[in-house]
Amino acid sequence: MYDKAMLIYNGHAGSNDTATLLSEAVAGLSKHITEFTLMKTNEKGDTERLCRERGEQFDLVIIMGGDGTVHEAVNGLIHLEQSPSIFILPTGTCNDFARALNIPLKVKQACEVFQEAMVQSLDIGLVNDRAFSNFFGVGLITRASEGTNDDLKSSIGKFSYFLSAIQSLQTAESFSYSLQLDGKTVEDEAVMILAMNGSFLGTTNLYHEQTKLDDGKLELYIIREAGLALLKNLFNKARSPEWPGEMEGIEFIQADSLQLETSPIEDIDIDGEIYLETPARLSLKQKALPFLVCKEEK
C-alpha cells in the first residue's frame, strides 16, 4: 500500500483513448494507494519538471506513456536526494524499457500485476549532463529515428520504425570514431555504436547473457557495416532468446564508462530522443532509481 502516488500522463499523446486508459489505471491502482494525484502534461519537458519539482512529495510516481516520457521522468528524478519508487504504465509505440522490466504492455494487465511487482534499484546511464534509462546510440540508429514519419508512427506504430530502419540500411554511411575505455584508445570506423542499459531496442530483444539492469555495466555494440549482413544478424537475434555465437561485423564490449569522439560530429539518440551531439562521456550511476519490476513469465 502506498500513501501518496502521482500519476503523470501525456495530455497530447497520439492515442485517442487516453481517457479510457486513464480510467483503467485509476480503477486498477487506486485500491493500493491512499492519496492518488493525477498530473496532465501539456508540452515537452513537463514530465521532467514535475518529477524534479514534486517527486519527493510522493512515495510512488507512475509514468503513463512511452520511452520518451520515461526518459523525461528519469532526468527529473535522477537528481533527487530520495527518489520515489517508479512504475511504468506503457502506452507508447515501442515501450522498450517497460519490456525490460517485464511489465505487460496493456494498461489493464499492467495494473493487475502491480501488487506482485518488486522494487529494484536499477542502473541509469549518463551521457554528458543527461540521463538515459534504455540506450545511447550514434550513426544508423539516429538516422532511422529521424526518418520515422510521424503520421506512420501514429497509424502503424512500431512497424514505422522497421520501415525507416530498412531505408536507412540502404544509405548507411560509416563514420570515424575514437573510443577511450579501460585505459585504451581504439580508433576505427563504424555505421552505428550502441550503449545499452536496457535489453530492448525498437521492440527487438538484444538480451545478452551478461546483461543485467543493476550490474554497473553498459553493453556496447559496435556495428562496422550495414547491409544484408546486419539485417540477417538482427533477424536471427530477434528470433532467439540468446545472443548468437557469431555476429559478423558486430563487436560486443562491456564497460562501466567510456569517452567517444566521432568524425564528423554525430547526433546522439538517447531513449529515442535526439538533442545531443558527440563528443560524449558515458557512465552509469549504479542502482540509481527504484523501479517496480514484474516477475518474468515462465
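Let me start in helix α2, where Glu53 and Arg49 sit four residues apart, about one turn of the helix. Helices here are DSSP runs of H or I with at least four residues, strands are runs of E with at least two, and both are numbered from the N terminus. Glu53 and Arg49 form a salt bridge, with their closest N and O atoms 3.6 Å apart. By salt bridge I mean a side-chain nitrogen of Lys or Arg within 4 Å of a carboxyl oxygen of Asp or Glu. Arg49 is partly exposed, at a relative accessible area of 33%; buried means under 20%, exposed over 50%, and partly exposed in between, using a 1.4 Å probe and protein chains only.

Some background. This is a predicted model, in which local features need pLDDT of at least 70 and side-chain atom pairs count only at pLDDT 80 or more, while totals for chains, interfaces and linings use all residues. Residues are numbered from 1 along each chain as its sequence is written, and side-chain values use heavy atoms, leaving out hydrogens and water.

pLDDT is the predictor's confidence in each residue, from 0 to 100. The protein chain averages 86, and 80% of the residues score at least 70. Over residues 147-160 the pLDDT is below 50, yet this stretch has 17 contacts in the model beyond near neighbours in sequence. Contact means heavy atoms within 4.5 Å.

Back to salt bridges. The structure holds seven. One of them pairs Lys44 with Glu273, at 2.8 Å between the closest N and O atoms. The two residues are 229 apart in the chain, Lys44 being in the loop between β2 and α2 and Glu273 in strand β17. Is each end buried or exposed? Lys44 is exposed, at 66%, whereas Glu273 is buried, at 15%.

Another joins Glu251 and Arg224, at 2.3 Å from N to O. Glu251 lies in strand β14 and Arg224 in the loop between β13 and α9, 27 residues apart. Both count as partly exposed, Glu251 at 32% and Arg224 at 28%. Separately, salt bridges with shared partners join Asp46, Arg49 and Glu53 into one network.

Last, helix α1, residues 18-29. Its buried residues are Thr18, Leu21, Leu22, Ala25, Gly28 and Leu29. What covers them includes β1, β2, β3, β4 and α5. The face turned away from the buried side carries exposed Ala19 and Ala27.
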